[in-house]
Amino acid sequence: MEIGFDYTRSLGPTLSQFMTALAGRRILGARGADGRVHAPPFEYDPVTSAPPAELVPVGTEGTVMSWSWVPRPLDGQPLAHPFAWALIRLDGADTAMLHAVDAGSAEVMRTGMRVRVRWATDPVGDIRDISCFELCDTPGPPRDPGEQSGTEAPVAIITTPMRLAYEHTASPGESRFLRGLADGKLLGQRCPACGKVYVPPRGACPTDGVPTADEIELPDHGIVTTFCVVNVPYPGQRVTPPYVAAAVLLDGADIPFQHLILGCDPSEVRMGMRVRAAWKPREEWGTTLENIDHFRPTGEPDAPYETYAHHL
């Protein structure tokens with residue numbers, strides 16, 4: 001499974017200057033009330049809690065204070081081959097910054113070694129403009145004409161992709177539910193004590209704390225209990241706003257689940273509206289609830305409020 005979104009944030013006055021300087025292949029630090037220079041700069045002084053009064057340039061070379069070797073890099077890390085994470089104190093700074101060092105092998109790394117910035121080919125005003133650090137005795141590229149020009153356009157906003165991929169081990173009840181979806185079935189489980197039907201199955205009734213082993217097949221139609229109209233667009237959005245995300249209570253179930261409501265104008269969606277699943281083509285089915293593309297109105301009379309009020 002993968003959860004992902006692009007996080008957009010405004011930088012504020014301090015980080016805006018820091019990122020703008022990176023676009024020009026320069027690094028700024030913040031001078032604190034105690035006279036120490038912090039690089040990267042702080043937004044609030046660790047002593048006085050006030051914003052920094054002064055940002056000052058620091059060097060693009062520095063000293064490794066401590067390090068740890070990464071023999072098998074993960075996706076998304078600065079380098080695809082083995083490297084070191086290191087705390088590096090840049091010349092002119094009194095604090096260290098964490099970054100990657102491309103040393104070639106762990107045998108080369110040592111505390112106290114001198115390193116320098118390896119800049120990205122096309123800096124844009126992002127911390128990734130520092131591709132990594134390399135050994136000072138490694139031949140470097142020619143100095144870029146724009147380096148330390150100080151004429152870069154201000155960087156006020158950055159967008160950072162956030163991605164989390166993970167594996168989920170399905171419980172026995174979840175496994176049967178997902179395999180049922182691959183056959184076009186919606187399976188729930190009934191509590192033997194209170195008789196409530198849960199879909200997707202939970203394996204145990206949260207009210208009575210007993211196993212819900214009694215499995216039943218539910219129809220693919222039900223009612224809208226609550227809903228919201230999504231008007232805000234975002235990158236990667238599958239449906240163009242406005243559209244409706246709703247809690248759908250299948251007939252015979254005692255707990256709703258969230259899905260899309262399409263096939264009508266969002267202004268027509270209402271509590272109690274009867275809807276039916278719109279399944280994707282059979283060849284696109286897998287062991288996922290996404291086999292149902294969305295729910296659409298059936299045109300039947302709305303369900304009376306008292307039939308679903310206790311599910312709200």
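Me: Which residue in the hairpin of S6 and S7 takes a positive phi?
Reply: Gly92 does, with a phi near 95°, and the hairpin has six residues between its two strands. Strands here are DSSP runs of E with at least two residues, helices are runs of H or I with at least four, and both are numbered from the N terminus. The model is predicted, so to speak: local features need pLDDT of at least 70, side-chain atom pairs count only at pLDDT 80 or more, and totals for chains, interfaces and linings use all residues. Residues are numbered from 1 along each chain as its sequence is written, and side-chain values use heavy atoms, with hydrogens and water left out.

Me: How many bridges pair S6 and S7, and in which sense?
Reply: There are five, and the sense is antiparallel; two strands pair if DSSP finds at least two bridges between them. Within this pairing, Ile88 stands opposite Met97 in S7.

Me: Where does Thr95 lie?
Reply: Thr95 is in the loop between S6 (83-90) and S7 (97-102).

Me: Why does Thr95 count as buried?
Reply: Its relative accessibility is 19%, and buried means under 20% relative accessible area, exposed over 50% and partly exposed in between, for a 1.4 Å probe and protein chains only.

Me: What is Thr95 in contact with, beyond its neighbours in sequence?
Reply: Leaving aside residues within four places, Thr95 is in contact with Arg36, Val37, His38, Ala39, Ile88, Arg89 and Leu90. Contact means heavy atoms within 4.5 Å.

Me: Turning to the barrel, in what order do its strands run?
Reply: The closed barrel has five strands in the order S5-S6-S7-S9-S8, with mixed pairing. Neighbouring strands are turned by 50° against each other on average, direction ignored; the axes are lines fitted to C-alpha atoms, for helices over the stretch in contact, and angles run from 0 to 180 degrees between N-to-C directions.

Me: Which strands pair in the parallel sense?
Reply: S7 and S9 do, over two bridges, and the bridge partner of Val101 in S9 is Phe133. By contrast, S8 and S9 are antiparallel over five bridges, with Val115 partnered by Leu135 in S9. S5 (61-70) and S6 are joined by eight bridges and run antiparallel, and Gly62 stands opposite Leu90 in S6.

Me: Why is S7 largely enclosed?
Reply: Five of its six residues are buried, so the rest of the structure largely encloses S7. S9 is mostly covered, with five of its six residues buried.

Me: How many residues are in the largest nonpolar core?
Reply: It has 29 residues, and those with the most contacts inside it are Ile27, Ile88, Leu90, Val101, Val115, Ile130 and Phe133. H1 (12-23), S4 (55-58), S6, S7, S8 (114-119) and S9 (130-135) each supply at least two of its residues. A nonpolar core is a set of buried Ala, Val, Leu, Ile, Met, Phe, Trp, Tyr and Cys residues joined through side-chain atoms within 4.5 Å. A second, separate core of 25 residues includes Phe177, Leu218, Leu250 and Ala303.

Me: What about the open sheet: in what order are its strands?
Reply: The order is S12-S11-S13, with antiparallel pairing. S12 (197-198) and S13 (214-218) are the edge strands, each pairing on one side only. Helix H2 (172-181) packs on this sheet and touches S11 and S13, its direction making about 150° with that of S11.

Me: Which residues of H2 are buried?
Reply: Gly173, Phe177, Gly180 and Leu181 are buried in H2. They lie on the same side of H2 because they cover an arc of only 105° around the axis, the arc being that of the directions from the helix axis to the C-beta atoms. They pack against S11 and S17 (274-279), whereas Pro172 and Arg179 on the other side are exposed.

Me: Finally, what does the side chain of His221 make a polar contact with?
Reply: The partner is the side chain of Asp251, at 2.9 Å. A polar contact is a pair of N or O atoms within 3.5 Å; within protein, one must be able to donate a hydrogen and the other to accept it, and residues adjacent in sequence count only if both atoms are side-chain atoms. His221 is in S14 (221-230).
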